[in-house]
Amino acid sequence: MAAAQTAAPSCRKKLYNCPMTSQDCIFCQIAAGMSPASIVYADERIAAFMDINQPVPYKTLIIPRAHVETIYDLSGEQAAWVMQAAVQIAQAIRAASNCDGLMLSQSNGAAAGQEVFHFHLHLWPRFWGDRLRISVPRSLTPRAELDRMASEIRARLDF
Ligand code: AMP
Ligand code: ZN
């Protein structure tokens, strides 16, 4: 009885946060070598592989090996491993693709467009004249409002 009472909330939380478990997570399967992938680099901490969709050529994803769903769950160490790999892999992508620029992106939550609920960093090589279009409306905001939002965020930082 006690077990059932404690299991329910954690189960609900899981369903709310993420529809996948690590067993049916495609990126866990790739990291385990159980699903096909074009691996760029892998070690015991992270893996990098080609995105199955290539809106721009050489688009690459980097993941921590551990099944971490979003940035909110990522440890500082995992974040560092992913970013250290990103620095190296960005240089290799530039050398391989001769790209003119390179963009990083990372989505958390369905509202942000996250489709695979295993943390991943996108590396997008950019080329003059490529067809990628990212529309960001301009919104110059008064300083008082910028300051208010900054202080709201600052008040919630705990480092
Ligand atoms: P996101 O929308 O940020 O969750 O991005 C998920 C990314 O994973 C997309 O760019 C997909 O093309 C990519 N993706 C999904 N399945 C695979 C797969 N099996 N191998 C490589 N990339 C994948
Ligand atoms: Zn996973």
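Begin by selecting Asn98, which is placed in the loop between α3 (76-97) and β4 (101-105); helices (H or I, at least four residues) and strands (E, at least two) are DSSP runs, numbered from the N terminus. Asn98 has a positive phi of about 60° although it is not a glycine. Its relative accessible area is 63%, so Asn98 is exposed; buried means under 20% relative accessible area, exposed over 50%, and partly exposed in between (1.4 Å probe, protein chains only).

Before moving on, note the conventions. This is a predicted model, in which local features need pLDDT of at least 70 and side-chain atom pairs count only at pLDDT 80 or more, while totals for chains, interfaces and linings use all residues. Residues are numbered from 1 along each chain as its sequence is written, chains are lettered from A and ligands numbered from 1 in the order in which they are written, and side-chain values use heavy atoms, with hydrogens and water left out.

**The whole chain**

Now display the chain as a cartoon. Its secondary structure comes to 4 helices and 5 strands, and the pattern read along the sequence is α-α-β-β-β-α-β-β-α. Of the 159 residues in the chain, buried residues make up 30%.

Select Tyr58, in the loop between β2 and β3. Phi of Tyr58 is near 75°, a positive value in a residue other than glycine. Tyr58 counts as partly exposed because its relative accessibility is 37%.

With a relative accessible area of 0%, Ile62 is buried. Select Ala42 as well: Ile62 and Ala42 are 20 residues apart in sequence and 9.4 Å apart in space, C-alpha to C-alpha.

Finally, centre the view on ligand 1. Which residues come nearest to ligand 1? Of the 17 residues around ligand 1, these are Asp51, Asn53, Glu115, His120 and His122; a residue is near a molecule if one of its heavy atoms lies within 4 Å of it.

An N or O atom in the side chain of His120 is 2.9 Å from an oxygen atom of ligand 1, and for the side chain of His122 the corresponding distance to a ligand oxygen atom is 2.8 Å. At Ile52, select the backbone: one of its N or O atoms lies 3.1 Å from a nitrogen atom of ligand 1. On its own, ligand 1 has 500 Å² of accessible area, and the protein covers 84% of this (Shrake-Rupley method with a 1.4 Å probe).

The elements that give two or more residues to the shell around ligand 1 are α2 (26-31) and β2 (46-50). The largest share of that shell, 3 residues, comes from α2. Colour the shell by residue class to see 8 nonpolar, 6 polar and 3 charged residues; Ala, Val, Leu, Ile, Met, Phe, Trp, Tyr, Cys and Pro count as nonpolar, Asp, Glu, Lys and Arg as charged, and the others, Gly among them, as polar.

Definitions and conventions. Polar contact = N/O pair within 3.5 Å; in protein donor to acceptor, adjacent residues only side chain to side chain.
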